[in-house]
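Please walk through this structure with me, from the overall fold down to single residues. Keep the 3D view open as you read.

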Amino acid sequence: MLKIDEKIKEFDPGHISAKLDKFNVPSLIVLIASENGIDIGYSISYDEFHDGSIHACYGGVLHEYRGKGVYSKLAEKRAQIAKEKGYTSIKLYTRNKRREILTYLITRGWNIMGFIPKKDLEDNRILFEKQLV
Ligand SMILES: CC(C)(COP(=O)(O)OP(=O)(O)OC[C@H]1O[C@@H](n2cnc3c(N)ncnc32)[C@H](O)[C@@H]1OP(=O)(O)O)[C@@H](O)C(=O)NCCC(=O)NCCS
């Protein structure tokens, strides 16, 4: 997972490894997508807010494998597992500058439920939520 993350140019180097202690929790859900033995995408979620939601805190797909439904499949699996574990919704923070995931969220029926302004407009955080039905 860390190796995939290092190759995703949108992310700062080490942005996940700096937070590994946060992930030492029983609720952690880590999904890795592979193709022909190569790890090409990942999703990390855990129970951060203790309100019935699971927080999809990190995820990404290697550039050369994008636009082929890899993230959609990871997200489907994530929703299925979260539902089986009894969560009622998924929450996800993203930024103005992450246009691909914004498109994904808007077109897949996620709702905006929060906003955190940042110094740089492109870094403004937007909180999305989707109910698990
Ligand atoms: C966002 C990301 C995970 C999408 O991965 P992917 O495997 O290419 O996504 P999919 O092929 O499953 O596409 C799903 C949907 O995302 C949106 N999307 C994906 N790439 C897009 C693009 N280049 N432009 C616009 N929308 C895009 C579309 O809504 C697409 O659905 P459609 O194919 O029906 O139009 C990938 O672009 C990525 O890793 N981005 C950088 C990291 C990031 O933003 N992570 C998100 C967590 S904050």
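This is a predicted model: local features need pLDDT of at least 70, side-chain atom pairs count only at pLDDT 80 or more; totals for chains, interfaces and linings use all residues.

The chain holds 3 helices and 6 strands. Read from the N terminus, the elements follow the order α-β-β-β-α-β-α-β-β. Along the principal axes, the C-alpha atoms fill a box of roughly 40 × 35 × 30 Å. How does the radius of gyration fit a compact globule of 133 residues? Such a globule would come out near 14 Å, and the chain has 14 Å, so the two agree. Of the 133 residues, 20% count as buried. Among contacts with a separation of 6 or more, 53% join residues 24 or more positions apart.

Now turn to the sheet. It is an open sheet of 6 strands, in the order E1-E2-E3-E4-E6-E5, and the pairing is mixed. Which strands stand at the edges? They are E1 and strand E5 (111–116). Each has a single partner strand, so one side of each is left without a neighbour in the sheet. On average, neighbouring strands of this sheet are turned by 25° against each other, direction ignored. In general, strands of a sheet pair through backbone hydrogen bonds, either parallel or antiparallel.

Two of the pairings deserve a look. E1 and E2 pair in the antiparallel sense over 7 bridges. Here Val30 has Ile44 in E2 as its bridge partner. Strand E4 (residues 89–95) and strand E6 (residues 125–131) are also antiparallel, over 7 bridges. In that pair, Leu92 is bridged to Phe128 in E6.

Next, the turns. E1 and E2 form a hairpin with 2 residues between them. Asn36 lies in this loop, between strand E1 (29–35) and strand E2 (38–46). Most residues other than glycine have a negative phi. Asn36 is not a glycine, yet its phi is positive, about 50°.

Leu62 sits in another loop, the one between E3 and H2. How is Leu62 classed? Leu62 has 19 other C-beta atoms within 10 Å, so this residue is partly exposed; burial would take 20 or more. Not counting residues up to four places away in sequence, Leu62 touches Ile4, Lys7, Ile8, Ile40 and Gly41. Asn111 is 49 residues from Leu62 along the chain, and their C-alpha atoms are separated by 26 Å.

Last, the ligand. Of the 19 residues around the ligand, which come nearest? They are Gly60, Arg66, Tyr71, Ser72 and Tyr104. Strand E3 (53–61), helix H2 (70–84) and helix H3 (99–107) are the elements that give two or more residues to the shell. H3 supplies the largest share, 5 residues. By class, the shell has 6 nonpolar, 8 polar and 5 charged residues.

Definitions and conventions. Residues are numbered from 1 along each chain as its sequence is written. A residue is near a molecule or strand if its C-beta atom, placed from the backbone, lies within 6 Å of it. Helices (H or I, at least four residues) and strands (E, at least two) are DSSP runs, numbered from the N terminus. Ala, Val, Leu, Ile, Met, Phe, Trp, Tyr, Cys and Pro count as nonpolar, Asp, Glu, Lys and Arg as charged, and the others, Gly among them, as polar. A residue is buried if 20 or more other C-beta atoms lie within 10 Å of its own, exposed if 12 or fewer, and partly exposed in between; C-beta atoms are placed from the backbone. Two residues are in contact if their C-beta atoms, placed from the backbone, lie within 7 Å. Two strands pair if DSSP finds at least two bridges between them. Axes are lines fitted to C-alpha atoms, for helices over the stretch in contact, and angles run from 0 to 180 degrees between N-to-C directions. The radius of gyration is taken over C-alpha atoms; the globule rule is 2.2 Å times the number of residues to the power 0.38.
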